[in-house]
Amino acid sequence: KDLEVSMTPNNKASAHRNWETDGGSSHSASDPTKAHPKTSLDDSNSGTQATSMLSSHASDRNRPTVTIPSSRADPAPMFTGKPILVQPINNDIGIPKGDIMISLLSDDTEIPWEARIEEAIWRCRTMRQNSDMKWIKQKLERTPNSPSNGRTSVLVDCDDGRVVGGIESVAVSQRAALEHLKYDDLEDALALYEDIVESYYAHFEECLRVNKTEENLDEQVALFNSYIGACLHNIGLVYLLLNRHKEAYTHFERATAKRASTLGVGHTDHIASHVKEATCHIALGRHTEAVVILEECLTLSKEGARSISDQRQVAEIFNNLGCLYYSFGNIEKSGKFFMESFEAQQIALEHSMYAGARFSCHSATLNLAVTKANMGFLALVARHHEVAVDALEYAVHNQQLLLRDAHRTLMATMDHLVVAQLFSGSKDKAVRLLRRMYHMQSDAFGPTDTRSLATHKKLMLLEEAETSSVVSSNTNSNDNMAASSAMDSATGEPNDSGKKQSTPKSNNILKLFKSMTRK
């Protein structure tokens, strides 16, 4: 029988492509439900499956189909020289393993999980950029049009909207994509990685056209899948940076399948894609599915976590499982996962002192503080106020060294430390911390910003409560003892009898304070 293989001439009707990478979602993101058939290329009938996949891939883009006979006297190898395999961006350029450390702390109790994921993704990335003086200098020196939009940092065919050169342009496209990623030109980087995927498809189609036999097809299809899997993973990471979780999930799902079929289940690259797939589930509110995947990845990672990045990824899995189990109401199991994450991160931090990437220590220290803050949050919920204060103070000490400009994570941790200090009876420390928060937010956002105003209201509330207590004690001599007792209870100080009051009289203040915190 003849093999129908789609050929790929230039599409002159459009300067920009909107197509599905290997059966994923449309890169226009206008309708992620329009997907190509998900074809498995690693089964026993992979030859037929491969040609069928390529035919459907071409038909969806209005491309002609070419019929090729199956016999050939002198079969040529399918790949005449392997194309360049894209560099995974599980590093400072993209999203390193272990970076997406979810925090339970927030100034808004109703914050969606999608926003928590976005905060976690950008927390370490922003920290690294602010710590890199060379990057800051280059960022300031860049002209407004360098690199400009429309991928004009590389040669593009005006009729086809694709990078000139086909498979030979992969190296050029990748260098340009990494440069765009470095300076957060995410849309341009995404378009370039799409070009690379289509170049792989076009190359594979051409190889099938030249090699008209199914000899060694299984091996070559597996090779093709490994190339596509790496690129799909990178595209998924760019979509995560763009906060487009539905598109990211589609690409990580397919990258996971392809890497499992070519590299094997449990390979470090397979686990990396699978963990990111779970991250997308969390952002989309599918927590049960995320827990299943993360626990599977945890089992696989424990067997082969050898590098620092693998160890950090294990810590990320533990931490995020702790957050998910807290959302399920299982505080005990949540606490155990946070403890496991903290211990794993301590090991990674010790190792990063002598090895690892440039900012490996910075990232490990910051994420360690995030997990410690989560532990402090659980202690606060369980009314272990002294434990909460210790954990949150540890978190603030480390976060304030690495996060700048009243970062949201730092402000949320300080906000919860204020509450912990109030419950432990240290109102003076709570007031001083609120003053510091207000000055930081006013300097970063302005005194009229809603965040600054909210902190100022909380500060005024506590100061007015303290003043009213003092006035009441001075004007009513008959109630001096009662007022003294109330103040002792609110501050946690011992009274004249030497007994420390355990029941605070500022419950109404705390209720109002918590109400304003929620607002």
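Contact here means heavy atoms within 4.5 Å. The structure is a predicted model, in which local features need pLDDT of at least 70 and side-chain atom pairs count only at pLDDT 80 or more, while totals for chains, interfaces and linings use all residues. Residues are numbered from 1 along each chain as its sequence is written, and side-chain values use heavy atoms, with hydrogens and water left out.

Leaving aside residues up to four places away in sequence, Y193 touches I89, A177, L178, L181, C231, N234, I235 and V238. Together with Y200 and L240, Y193 touches the most other members of the largest nonpolar core, which has 104 residues. Such a core is a set of buried Ala, Val, Leu, Ile, Met, Phe, Trp, Tyr and Cys residues joined through side-chain atoms within 4.5 Å, buried being under 20% relative accessible area (1.4 Å probe, protein chains only). Helix α6 (residues 217–241) supplies the largest share of this core, 15 residues; helices are DSSP runs (H or I, at least four residues), numbered from the N terminus.

Helices α4 (residues 170–182) and α5 (residues 186–210) pack at about 160°, with axes 8 Å apart. Axes are lines fitted to C-alpha atoms over the stretch in contact, and angles run from 0 to 180 degrees between N-to-C directions. The two helices α4 and α5 are therefore roughly antiparallel, a term for angles over 145 degrees. Residues meeting across this pair include A177, L178 and L181 in α4 and Y193 and Y200 in α5.

Helix α6 packs against helix α7 (residues 245–262) at about 155°, again with axes 8 Å apart. This makes α6 roughly antiparallel to α7.

How values were computed:
Buried < 20%, exposed > 50% of the residue type's maximum accessible area, 1.4 Å probe, protein only. Parallel < 35°, antiparallel > 145°, perpendicular 65-115°, else oblique.
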